Amino acid sequence: MVTEEKIGNNIPLDGAEGHVTGTSEYVSDISKIENELIVDFFYSTEPHGEIINIDLEEARKISGIVGLYTYKDIEGENKFGPIIKDEVLLAESILEYVGQPIVIIAGESKKAIKLAKKTIKIEIKKLPHILSIEEAIEKNQFIGETRVIERGDIEKEFQKAEYILEGNTRNGGQEHFYLESQAAIAYPQENNTLEIISSTQNPTEVQNVIAEILGIPFNKIVVKTRRMGGAFGGKETQATHPAAMAALVAMKTKRPARIVLSCDDDMITTGKRHEFYNKYKVAFTKEGLITALKVEFFSNGGYSNDLSTSIRERAMFHAENAYFIPNIKTIGKVCKTNLPSNTAFRGFGGPQGMLNIESIIEDIAIFLKIDAFDIRRLNCFGIEKNNTTSYEQEVSNNTLPELMDKLLKTSNYKERHKQIEEYNKNSTLYLKGISFTLVMFGISFTARFMNQASALVNIYTDGSIQVSTGGTEMGQGLNTKISQIVADEFCVEPKTVRMMITSTEKNNNTSPSAASASTDLNGTAAKDACQKIKTRLIEFASNYLVKDNSEHKPSINAIEWTYDGIYDKRISNKKITFKELVKNAYLNRISLGERGFYATPQITLFDWNTGRGKPFLYFTNGAAVSEVRIDRFTGELKVLRTDILMDIGKSINPGIDKGQIIGGFIQGMGWLTTEELKYSEKGELLSHSPTTYKIPNIQDIPEVLNVDWIENGKNVVNIRQSKAVGEPPLMTSISVWTAVKHALSFISNGEIPKLDAPATSEEILKAMSRFPISMKV
Amino acid sequence: MYINTTSFKTVYYLNNNYMKNHIELCINGETHHAYGEDAFLPLSDYLRTKLHLVGTKEVCIEGDCGACTTLLGRLKNEKFYYETIDSCISYVYQLNNCHVVTVEGIKNSKLNSVQESMITSHGAQCGYCTPGIVVSLYSFFNSCSKKTCTKSDIQDALTGNLCRCTGYETIVEAGLTLDNNSIEKLSDIYSEDKLLAILGKETKENIEINTNDYVFYQPVTLKEALKLKNENPDTKILAGGTDLHVMCNKRDFSLKKILYVSNLKELKSIEVKDNHITIGAAVTLSEFEQSVSEYYTDLKEFLNLFASPQIKNIGTLVGNIANASPIGDTLPFLLVMDSELELESVNGKRKVNMNNFYKGYKSLAMESNEIITHVNIPLLKKDEILKLYKVSKRKHLDISSFSAAIRMKEKNGIIESFIIAFGGVGPTVQRIYEIESYLTGKRLCEDILNEAAQMIENIIKPISDVRGHKEYRLQLAKNILKKFYFELLESDKKKVLA
């Protein structure tokens, strides 16, 4: 069988025409059905307290208010959580963060709801609250068990070490800032069932949680997701809450109910990327070879677990990033605080883990007065040896050395490094810095059971195809890639394939679109379905193509399936089109629909008792060089140039992958530079809108940005030898932050400059003011 | 939902003195009449809920993300000029005789080439910011005569549009690959004659719209405006609304009585004469930027940072003055220039120096029946240096943590005059007179500037807030004097080299 490769074509994003014309439909755009209710909620303004009384009397009297519901109105279970059942939809007796929903409000108009919010009175007995990681550590407030991964003997190594550095690193959280806020509509249907339209990465979780809250079987709920206006992990678990509120209202009132959070409420009430505080001790030689590392990770989990324990685990898996460290011990703890429960965000702990080690390496370089690149090259995972992680997974098909050597050349790093040294000697106004960092990101959900997917492929008699998977589209291009995979299986044009709305009635028990693995999982499941159909069609074709020919017996091995048509190679003048084939197959009662399934092979269940396992199918790698300029008087930062080189295997869609790389980089740059979550002493988020929370703007992109990837056809374990690309590029942005550190080293007189993330102008100015300004003019 | 317009109109004309009771506008070429509460809606809300034009997205509803960007066509000299605005903070009552074009309206039957280019360049990912981006990018080409554009053209056109997915690079590419000649212009899509026939009639009628909660006045002349303000001193004067409407959307604030002044001819003047420039209260920041920035070094770049095109296209300079924010970005400039405000009421005109205008936090030295009609800004003298500084978390489209303006005259190494104002260090933008008198007559050198910087600690008392700690602001205030000095040195060096 011959197939002409069409994968790798740069076809436009599925849905792009709708996007540019404004006709793509999101939850809040769906036409209102008569009788539809608006759903909102009243939330806690206290970080910690006991509810003494809830007074809804005045609110009930307001015309246009249809329903006010507290936890007492929940007929099922007011307890859920993806890992630990420690969350509530509506607060019961204890309030645990500012923004915690207490009362669901259903009304005919926004005006009525606004009025109702003003009249609801909650009597609260205040309790002491914790916001910071340090305070949680001090008061021993943790969520879940402590995790440890250990290899070698760090203590022995520390004793004989040439050099030791000890310190801590800290990164702030990050708001997802998806432009479409959390939203859902619940449509009541006959026999106490509901159809939900939700902006979620995880329709199955929305389905299950709603069913549990309502106390009905899962099969009474259908959840559909057309697309999301951005998600980035923020709609992996936390789309559940608003959808459940709408569902509760719809069930109670038997009226359609829609909830669309305001941008501010979304930011105030939902979780974010985890803030981390890490303590480390590192031993190294005078050449910069790291011989031992101990890291204690402390993440700020917020009031409940959500995905915090898993995120902490991924931070631990990436504690060493791309570097072989023979003796290593990582300890991970999740702190419980009175903040909204922090959640998944692109990278899922990986960025925090990597930032720590990249910061440590930058510090070692400053300490030893060696170029940090040389230290990274020295410690990088090897090809033949020094290629196992701390949890003893082999780093196979290691492309990191290749990436380092290639990018070193193309970025002209060494020469620019020298130029910067010269520049800083003579510059009175600015300081420049440059840094080269690596990314090695493990692909697969670290919870093994989640690595499964199903897909439904239906072919119609005109040759057009519908595909449904459990994957959800949030702009990452999943649907486009799957349509390319399916089209290529059948040798048809991708436009023949229509990607259907994600629905739990078509694909059950789905995993969230997360962990960068949606194409890997759903694409492979779709391919499985295609191959099952194709097997039947080839068999049919083998008969059909020789039916008027007495010379040849039917042979499936003789069937050629190409973009030009399907034929028996013994009778090559008789070609039929795909359309003709499926039409005739149908007339001969051959099934033209199939469900495919995929479970990621090779990965093992991680054993946390031993700290060993193979959590990842493969690694996506990257390298980046960033050059920055900081204003010596204001601390303002400008990224002058960034060069990124990735290993993403064989790209299924270069245009989409390039978009993921650049988008990830800029988003990460925001996390590490301008995006700062500011809270009041009570734990109220003060930076709760784009006026005060500053994501990168079009003017912030590097003056020069070069993005490329290497040719790598060796990743045979994954669909079409591709590699996942959603999250890994975000961590290339660490090069920006370490470049700031490098710039600061020029005024620190050999001292290691203390810098936290994000490196805002304020943080940089603070770091600079620790060293007296000595300017040569 | 809609009231039968003909009968409603008739009744109204009978009972009132030929005052118009609604807003008449075109949206994507179609005429619409907004009566009663509809006139008091944000344009984005009106488009989405009344007309189901849902391509216009509402995200931040405070003019900071651009997802709601639409084109506003305003009539100037018998021709429609289109500029982008944030429809979330532009209310329907501001749009009488305007032509609004939404993302749905920027194409004929087939996609325009900006849209095509966004598709092929992968300029859209999740799609939520995309309509706003497309409108802003299209607007740039629609009003630009250049055949192709540069990266910075696109960046400047899209400063007001946030995208969280793409990292912008592919959007820039989408713009760079476009040939302006291939783009269908709005004047090709909408017949100017048809629009003129609907919206071109000169407005001779005052507009007054009443609901149970609100009143809106749009007088035709300044005289009538002054009379209204005198009779209704609690009326809020509104032009661009880029500050007030954010408060309405976000802060449980409502404008009960509005006096709209942006259409007043008397307030639209920009005049350069007698060593000063006079800017009318209805002059938008874009108009101000285009016409006067050449007169002041640094001002052009500063205004580029100051706000997005969407804000500058509707917001006014006088609005920025009247809003009296302690971090109002144009204020340090206006204070060091010794600008003068013209105030007018039914009792007559008077002038007040801007340095005497701010009495305390958002407290102004003006009477409740007065209107700011103009601001007079003296021109910079040839031997004077002007430097403007704005420090914020993000360089563009951010509210300052700290701002400063310095105007200096130096001769033979001696400072002849030194004028300095800070924003973000107190309840109002303020001149730092102690520093001014200390430096005047001194030698211009590092030590002297350092000494002045040390004095600052005892003069200003900044506070900590979401935009920065007080220590940071104090440090910036001190450093800005040093920065000023070293920048002068650098530019001197460059001059010597040249």
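Reader: At what distance does a polar contact join the side chains of Thr177(B) and Ser117(B)?
Author: In this predicted model, Thr177(B) touches Ser117(B) and Ser121(B), leaving aside residues up to four places away in sequence. With Ser117(B), the side chain of Thr177(B) makes a polar contact, and the distance is 3.2 Å.

Reader: Is Thr177(B) buried or exposed?
Author: Thr177(B) sits in the loop of chain B that runs between helix H6 (169–176) and helix H7 (186–189). A residue counts as exposed when its relative accessible area is over 50%. Because the relative accessible area of Thr177(B) is 59%, this residue is classed as exposed.

Reader: How far apart in space are Thr177(B) and Asp86(B), C-alpha to C-alpha?
Author: Along the sequence, Thr177(B) and Asp86(B) are 91 residues apart. In space, taken from C-alpha to C-alpha, the separation of Thr177(B) and Asp86(B) is 26 Å.

Reader: How much area do chain B and chain A bury between them?
Author: The contact draws 80 residues from chain A and 74 residues from chain B. On the side of chain B, the residues that lose the most area to chain A are His122(B), Arg164(B) and Lys393(B), together 15% of what that side buries. Of the area buried between the two chains, 58% lies on carbon and sulfur atoms, and the total is about 6500 Å².

Reader: Which residue of chain A forms a salt bridge with Arg164(B)?
Author: Between chain B and chain A the count is 12 salt bridges, and 43 residue pairs across that interface are in polar contact, with both residues at pLDDT 80 or more. In the salt bridge of Arg164(B), the closest N and O atoms are 2.7 Å apart, and the partner is Glu675(A).

Reader: Which element gives the most to the side of chain B that touches chain A?
Author: Several elements of chain B each supply at least two residues to that side, among them helix H3 (113–120), H6, strand E17 (384–391) and helix H18 (470–497). By class, the side of chain B that touches chain A holds 30 nonpolar, 17 polar and 27 charged residues. With 11 residues, the element that gives the most is H18(B).

Reader: What distance separates the centres of domain 2 of chain A and domain 3 of chain A?
Author: Chain A is divided into domain 1 (34–129 + 176–269), domain 2 (276–381 + 407–446 + 607–769) and domain 3 (452–510 + 518–599). Taken over C-alpha atoms, the separation between the centres of domain 2 and domain 3 of chain A is 42 Å.

Reader: Which residue forms a salt bridge with Arg720(A)?
Author: Between domain 2 and domain 3 of chain A the count is 3 salt bridges, while 7 residue pairs across this interface are in polar contact, both at pLDDT 80 or more. In the salt bridge of Arg720(A), the closest N and O atoms are 3.1 Å apart, and the partner is Glu489(A).

Technical notes
Residues are numbered from 1 along each chain as its sequence is written. Chains are lettered from A and ligands numbered from 1 in the order in which they are written. This is a predicted model: local features need pLDDT of at least 70, side-chain atom pairs count only at pLDDT 80 or more; totals for chains, interfaces and linings use all residues. Side-chain values use heavy atoms; hydrogens and water are left out. Helices (H or I, at least four residues) and strands (E, at least two) are DSSP runs, numbered from the N terminus. Buried means under 20% relative accessible area, exposed over 50%, partly exposed in between (1.4 Å probe, protein chains only). Contact means heavy atoms within 4.5 Å. A polar contact is a pair of N or O atoms within 3.5 Å; within protein, one must be able to donate a hydrogen and the other to accept it, and residues adjacent in sequence count only if both atoms are side-chain atoms. Buried area is the accessible area (1.4 Å probe) that two parts lose on being put together, summed over both. A salt bridge is a side-chain nitrogen of Lys or Arg within 4 Å of a carboxyl oxygen of Asp or Glu. Ala, Val, Leu, Ile, Met, Phe, Trp, Tyr, Cys and Pro count as nonpolar, Asp, Glu, Lys and Arg as charged, and the others, Gly among them, as polar. Domain bounds come from an automatic or database domain assignment.
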